[in-house]
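Please keep the sequence and the model in view while reading.

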Amino acid sequence: MFKVERIRRIKEILRDCHQIEVSVLSNLLNVSDATIRNDLEELEQDGFLTRFHGGATFNSPDAALSANSQSSLSAVEYHKDKEEIGIIASRLIQEREWIFLGPGTTTYYIAKALRERGQINVLTNNFLVANVLYDVPTIRLVFLGGQVDHLGNYTVPDDLDKELQNIYLDKAFFSVDGVDLNAGYTLSDKTVFDIIHAVMRRSREPIMAADCSKFEQTGFMTIGDLSLTPTIITNAGIPEEYKQYYLDHDIRVYSSFDLKPAAF
Amino acid sequence: MKFFSIQTKNLTKIMERPLISDISFTAHSGEIHAIIGNNGEGKTLFAKLLAGVRPKTSGSILINNESLDITDVISAQKHGIYMLQQEQVLFPEQTVRDNIIAGNEKKLGLKNRFFSPSKKRLNQICLDYLKLFDLEHLNLDAPISSLSVMEKLVIQLCRILICKPKVLILDEPSTALTTAELRTIFDFMEDFKQNTAIILITHNYPLLMRYCDRVSVIDDGTITASFTRDDFTQPEFRDCITHLKMNIKYPRLPIIPGDELICFDHLSTNLLKDIHFSMHRGEIIGLAGLKIGEKHSFLSTLSEELMPKDGQIIYSDTLRRPFFSLISGDEANQALFMAHSIPFNIAVSNFRKVTKYGLFSKRMMKVYGTYYLNKLKIKDSDIHTRTCHLSTGTKQKIVIARSLFTQSNIYIYDEPTKNLDSTSRLDLYNILNALALDGASILLISSNNAELVGMCSRVILTKDGKQIGNYSTQYLSEEALSKELE
């Protein structure tokens, strides 16, 4: 296979799977590892991908764009697992429902997937979410004002209960920093803890969204054990004992399955 | 017969890694002893070691503290240990009579005669045993292939009963049977256990609670807990069996249907009448109430083996081939190529994908094989394990992997969750969602009403081969569905 053709194929594959190992690529294209490494090096110089030990990740055009515009808001690192969670979550939302999207990047992906939908009402305190949805005319967006947490890109309302007084939500999506069998759902931020609890009291169906990298991790504060929400959206890669736990506690588990091996 | 017990001491089986390690187990006559556990933990393998189907690595098997020398099936049978295997072991083209008698002539005292025994005598023997299961109306001259699953199972059982087993091992008899059929078999077992030690491998919760006297839990090749009937109320036991109950919260995903892919336009075949529904992209549709023969007729019409009598199947023009992927309700054993490797068994559904320059690439096949083994969490084997040595649940997963490999537009799954434990079931449901999200259309044929109501957007109801309804599951409860089907 000629180099031009090879580079084209690598680009194609990487766009498709966003992250790939050298050994897999060499297998797919039937050339040696060294050749692949050379090609990847070249592509990295072009800014198409970022290499890491044993493989490479795709620099998504979104990220590249925001890097140019110097806006920290849309510079969310591309995360395939979270994107898949976002797609599933967006399907769970019905038309004309009121939903809450909490702080975090997982909810940012939910918002992204929601762009294609209309007739939805969104309440959020997350700048990332607001930034994605503010220009969609069919989505009604309500932003909770308050003090800004710069690191997390969200606001903390001064008096949450007052803000939420007359509001009732259909679904509320949260993400956490850690999911552990013993510690339960954990967070590192006290302020987020308050927000989640206040919103949970006012929503019909709280839904946890945690990608598989959060499992077996713990944060500083426990917000509740793993049966806190009746529904969780996650990825296929979570450990078996967690699945068993959720099954035993009657919790609905949605997990994304990426069933397409790189096409070759 | 006097009381006896069968015991194993430090029974171990090592292949590449220890599959069964240090099992010390006792079953007594007069009891039904259940073995439960997840897929691939070694239930079937343990039973096969007892019955001599596969040789043990070390350890001993004892009856009344007397060590037995079991090296193969024959030596196990000499000691009275018989196993009703999950796979079908019958001569499909021979008659019912021959299948019951074959191999047992000596035990029936028929061998010493100069003349072959009269047909009447043989018929009498067969009927005596069939009567135990209310099947005396069976035509003894019919070939096995024309029988139902229950009848086949009973015939295998009769063949064993003729030998008067001391230890009878039943490997998951419940998967293909209806509740009434199970009751017939186990009501018999209740009486039969007086002189026999019955070891039952099962996933079936009601069966366990109703008939079993003792339960052992097998986990990662070793027995982790044992309970007697008196312990059944204790919380430890409850913990162990909650996952058998299968009250899964179904992860149903409301997806807005896309274009129409296939339409069954008033389809009638030899057994079906007026089946009329269409399937759209992103839909999971349930099909309930088909009996085995009707199911077969439906599937063969789809695969164009059988011409429809009336009506037609209309495909959308935009479809590109291959567009079908099918899991039949047959035992996974019949669907797999036992002599071939696991990657071959997965790739066989779409060989074009693993060929290069017209040649077939083993390496690519292995890459795909590993990929699916990881995806489906097949933990008890790798791509080098021989297909025939896989556990039943794993075999079913391989069949699923094969169907996924085609990447088609329409998936037709007939009882895909049988033999799967609860976490694997959950995975399968999420796989169905992923397929639907991807724009495929799925037809789920199932006898599990909870599953149909839980996962499908619509359910097509049939009764005696005739379509009686096409309901949205939004307005359909599990109870209503069962009532309609009665």
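In this predicted model, helices α12(B) and α13(B) cross in a right-handed manner; a crossing is right-handed if the near helix is turned clockwise from the far one by less than a right angle, and left-handed if anticlockwise. Helix α12 spans residues 362–375 of chain B and helix α13 spans residues 392–405 of chain B. Helices (H or I, at least four residues) and strands (E, at least two) are DSSP runs, numbered from the N terminus. Two packed helices are described by the angle between their axes and the distance between the axes. Here the axes of α12(B) and α13(B) come within 10 Å and cross at roughly 120°. Axes are lines fitted to C-alpha atoms, for helices over the stretch in contact, and angles run from 0 to 180 degrees between N-to-C directions.

On the α12(B) side, the contact (heavy atoms within 4.5 Å) is made by Tyr368(B), Tyr372(B) and Leu373(B). Helix α13(B) contributes Ile398(B), Ala401(B), Leu404(B) and Phe405(B). This contact has 7 nonpolar, no polar and no charged residues. In this classification, Ala, Val, Leu, Ile, Met, Phe, Trp, Tyr, Cys and Pro count as nonpolar, Asp, Glu, Lys and Arg as charged, and the others, Gly among them, as polar.

How do the helices α5 and α6 of chain B cross, and at what angle? Their axes come within 11 Å and cross at roughly 15°, so α5(B) and α6(B) are roughly parallel to each other. The crossing is left-handed. Among the residues in contact are Leu153(B) and Leu157(B) of α5(B), and Ile185(B) and Phe188(B) of α6(B). By class, the contact of α5(B) with α6(B) has 9 nonpolar, 1 polar and 1 charged residues.

| Helix pair | Distance between axes | Crossing angle |
|---|---|---|
| α12(B) and α13(B) | within 10 Å | roughly 120° |
| α5(B) and α6(B) | within 11 Å | roughly 15° |

Chain B also holds an open sheet of 4 strands, with antiparallel pairing in the order β2-β1-β4-β5. Two strands pair if DSSP finds at least two bridges between them. Strands β2 (18–28) and β5 (66–68) of chain B are the edges, each pairing on one side only. From one strand to the next, the twist averages 25°. Helix α1 (residues 43–50) of chain B packs on this sheet and touches β1, β2 and β4 of chain B.

In chain A, an open sheet of 3 strands has the order β1-β3-β2, again with antiparallel pairing. Its edge strands are β1 (19–21) and β2 (49–52) of chain A. Helix α1 (residues 3–17) of chain A lies across β1, β2 and β3 of chain A, while helix α2 (residues 22–29) of chain A lies across β1 and β3 of chain A.

Chain A averages a pLDDT of 84, where pLDDT is the predictor's confidence in each residue, from 0 to 100. Over residues 63–72 of chain A, however, the pLDDT is below 50. Where pLDDT is low, the predicted coordinates should not be read in detail.

Residues are numbered from 1 along each chain as its sequence is written, and chains are lettered from A and ligands numbered from 1 in the order in which they are written. Local features need pLDDT of at least 70, side-chain atom pairs count only at pLDDT 80 or more, and totals for chains, interfaces and linings use all residues, while side-chain values use heavy atoms, with hydrogens and water left out.

Methods: Parallel < 35°, antiparallel > 145°, perpendicular 65-115°, else oblique.
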